[in-house]
There are 2 protein chains.
Amino acid sequence: MSERMAVRIEDVVRKEYKLPDLVLQSGRELTDATLVYETFGTLNSAKDNAILVCHALTGDSHAGSTAGYPGWWDGLIGPGKALDTNRYFVICANVLGGCSGSTGPGSINPLDGRPYGMRFPIVTIRDMVQAQYHLVKSLEIDRLYAVIGGSMGGMQVFEWAVTYPEMMETYIPIATCGRFSAMGISFNNVARQAIYNDPAWCNGNYYGRTFPQKGLNLARRLGMITYRSFELYEERFGHSMVPIDDPFVMESEFQVEKYLNYQGDKLVQRFDANSYLYLLKSMDLHDVSRGRGSYSHVLDRINARGLMIGIDSDFLFPAGELLDTAELLRAKGKEVVYREMKTIHGHDAFLIEFEIMNEWVGEFLENGGKTK
Amino acid sequence: MSERMAVRIEDVVRKEYKLPDLVLQSGRELTDATLVYETFGTLNSAKDNAILVCHALTGDSHAGSTAGYPGWWDGLIGPGKALDTNRYFVICANVLGGCSGSTGPGSINPLDGRPYGMRFPIVTIRDMVQAQYHLVKSLEIDRLYAVIGGSMGGMQVFEWAVTYPEMMETYIPIATCGRFSAMGISFNNVARQAIYNDPAWCNGNYYGRTFPQKGLNLARRLGMITYRSFELYEERFGHSMVPIDDPFVMESEFQVEKYLNYQGDKLVQRFDANSYLYLLKSMDLHDVSRGRGSYSHVLDRINARGLMIGIDSDFLFPAGELLDTAELLRAKGKEVVYREMKTIHGHDAFLIEFEIMNEWVGEFLENGGKTK
């Protein structure tokens, strides 16, 4: 794991799980890997109240709040919230390939004691899910009450539902898809290339040297555009400039540019560039049907009851994708609810619109997702 | 002008106009500047059949076809088409700041005989229009029958309508806006930074040295994403990969990635990176109301009859922006028609959907845009 990550409060509360040797989707092996995870609430004696939360691209295991340190999904996890920690045992693990404790390209390769860098094997969404499966089993949980997540987290939810259909009562993918789109792959292509083009990246061998901050900053700027909406940016920034005597110089800056640069710099402080490359690639390769037959056919495997939440202003994962999949499932007689958020916030609404998500997710979990 | 540009057929037919000394919107002066332009059709004796075509970001003066070499708006310009060269005298000039003949950052600074590079003054959309105004006057045309253009070309159309309201009968902005959006500025920010981050860029001093092709290629890839639509990419590329034995390597490539890289390389062959920076900046600064009062107030200046064409799948210039402006104008009693293309092609539909554009533009020009 990268030395650049500062010690944070969650280092105190997070747990480590040493994975068994994994055979990855690629056929390659990964040994000596670790998942870092956190739990919120208490596992009941029947062990049937566990909910697995899957995080998005730059998330980590700190989904709920601990010791006053807010989690990234604090609005949904906690007493009285949809993922009620008085009732449920919430688990969240940093993904394989990540940089917040779990094994990833910034980790030390046990074979030579040096960071993997680009020698780290490609991990797919399916591999992340396989790792989470072992973690869940290690906690002696045979069946999850729910698997939930947004964006890349929702990709994991889809893989869970297809790969381990007997392992869950319900699944809740939000602002995501079962197979990544050509446009999503395009944005990821530009983001990855932005990192490759940074001379400091050095083919991934920058550990202990200069971090490719320009590259990761630029990749993040692009991400931040795709996570929001035209209307939000218009309302929030419009055409206003950072005050300057003469705007007619190349260096003059609009407020939205300052914001994007700030967001880019913020990510550089906490995220590893190689992890970013690997996780984007895992998204690109995401297709629940890869190696399994047609997309529609593969959905037959799903046994759990689903709640799919689309976002009307999401242009990275258009709501129509989730709706199409929900309709395919319904045509097969599967139990699935599709709901669509009306919001100005775009893709990131799954990290913002907690009122409506608490209502929908809470209601759905209340009766175990039963619609019949 | 950059030596990298090959001699093309249009070099034979294009004309040069030496501009008078210009005072730019910034207050800076630009001397010894040239506009390169082409004309299609014949100016009548009354000199009232001239139509000015304004090109988009990477366009040039070769809008119509000449000697069998198709122009970029060939589908709209020619005998029997909306811009009927049997009736109209069509003019198209390469913009100030461009790299296809007109003076731009790749041109020689007469003060020291070296390329301007980043010493070139910022030119705005308003400056481009001022230069075109002088060109039109030099052709002894006092009043244009129409000014038409899409995207950055449409920005020029708006500036024309506001700045020289007595100089035209009609104006036709397509897939554009009167003031650039925060989201548009955001995409341009990432594209510019992609060029800045290329070590070969050398603060713009790369003429006669290594061209910053990685940077411009990346900027163009991003552009190509924003010019198309989610649905088009899905239909055309979907999740299909370039054939490879093992897709689980970082180098594996999706078809859409190959396409974007190809488009990036293609632009590198014909466009100057510094021009790209300057033209993006001109778009960012585009606001017909800059220095003139409120946006709504400034629209009072418009005298000509307008046809505005929005594109329903355009996420760079959402149709709603044009519609809002059309409604503001209508509320002021101005004559304006708003039409919206239903198309899968996204922003670039103005370069593709010729059937519907010929119908709408042809019909509008037929009666001089009169709606009353």
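This is a predicted model: local features need pLDDT of at least 70, side-chain atom pairs count only at pLDDT 80 or more; totals for chains, interfaces and linings use all residues.
Biologist: What makes domain 1 and domain 2 of chain A separate units here?

Modeller: The domain assignment does: domain 1 of chain A takes 9-181 + 288-366, and domain 2 takes 184-282. Their C-alpha centres lie 25 Å apart.

Biologist: How do you know that domain 1 of chain A is in contact with domain 2 of chain A?

Modeller: By residues, 31 of domain 1 are in contact with 30 of domain 2. By area, the two domains of chain A bury about 2,700 Å² between them, with 67% of it on carbon and sulfur atoms.

Biologist: Why is the pair A:Asp348 and A:Arg228 called a salt bridge?

Modeller: The closest N and O atoms of A:Asp348 and A:Arg228 are 3.2 Å apart. The rule asks for a side-chain nitrogen of Lys or Arg within 4 Å of a carboxyl oxygen of Asp or Glu, so the pair qualifies. On the side of domain 1 of chain A that touches domain 2, the residues divide into 18 nonpolar, 11 polar and two charged. Between these domains, 13 residue pairs are in polar contact.

Biologist: What makes the relation between chain B and chain A a two-fold rotation axis?

Modeller: Chain B can be laid on chain A by a turn of 180° and a shift of 0.0 Å along the axis, with an RMSD of 0.0 Å. The two copies are therefore related as by a two-fold rotation axis. In chain B, the C-alpha of B:Ala194 is the one nearest the axis, 3.4 Å from it.

Biologist: How do you know that the same surface serves both copies?

Modeller: Of the contact residues of chain B, 100% recur in chain A. The contact takes 58 residues from each of chain B and chain A.

Biologist: Which residues of chain B lose the most area to chain A?

Modeller: Chain B and chain A bury about 5,100 Å² between them, 69% of it on carbon and sulfur atoms. In chain B, B:Phe230, B:Phe248 and B:Met250 lose the most area, together 17% of what that side buries.

Biologist: Why does A:Glu257 with B:Arg192 count as a salt bridge?

Modeller: Their closest N and O atoms are 3.0 Å apart. The cut-off is 4 Å, so this pair meets the rule. The count between chain B and chain A is four salt bridges, and 22 residue pairs are in polar contact.

Biologist: Which helix gives the most to the side of chain B that touches chain A?

Modeller: Helix 4 of chain B, with 11 residues. The residues of that side divide into 31 nonpolar, 13 polar and 14 charged.

Methods: Residues are numbered from 1 along each chain as its sequence is written. Chains are lettered from A and ligands numbered from 1 in the order in which they are written. Side-chain values use heavy atoms; hydrogens and water are left out. Domain bounds come from an automatic or database domain assignment. Contact means heavy atoms within 4.5 Å. Buried area is the accessible area (1.4 Å probe) that two parts lose on being put together, summed over both. A polar contact is a pair of N or O atoms within 3.5 Å; within protein, one must be able to donate a hydrogen and the other to accept it, and residues adjacent in sequence count only if both atoms are side-chain atoms. Ala, Val, Leu, Ile, Met, Phe, Trp, Tyr, Cys and Pro count as nonpolar, Asp, Glu, Lys and Arg as charged, and the others, Gly among them, as polar. Copies are superposed by least squares on the C-alpha atoms of residues with pLDDT of at least 70 in both. Helices (H or I, at least four residues) and strands (E, at least two) are DSSP runs, numbered from the N terminus.
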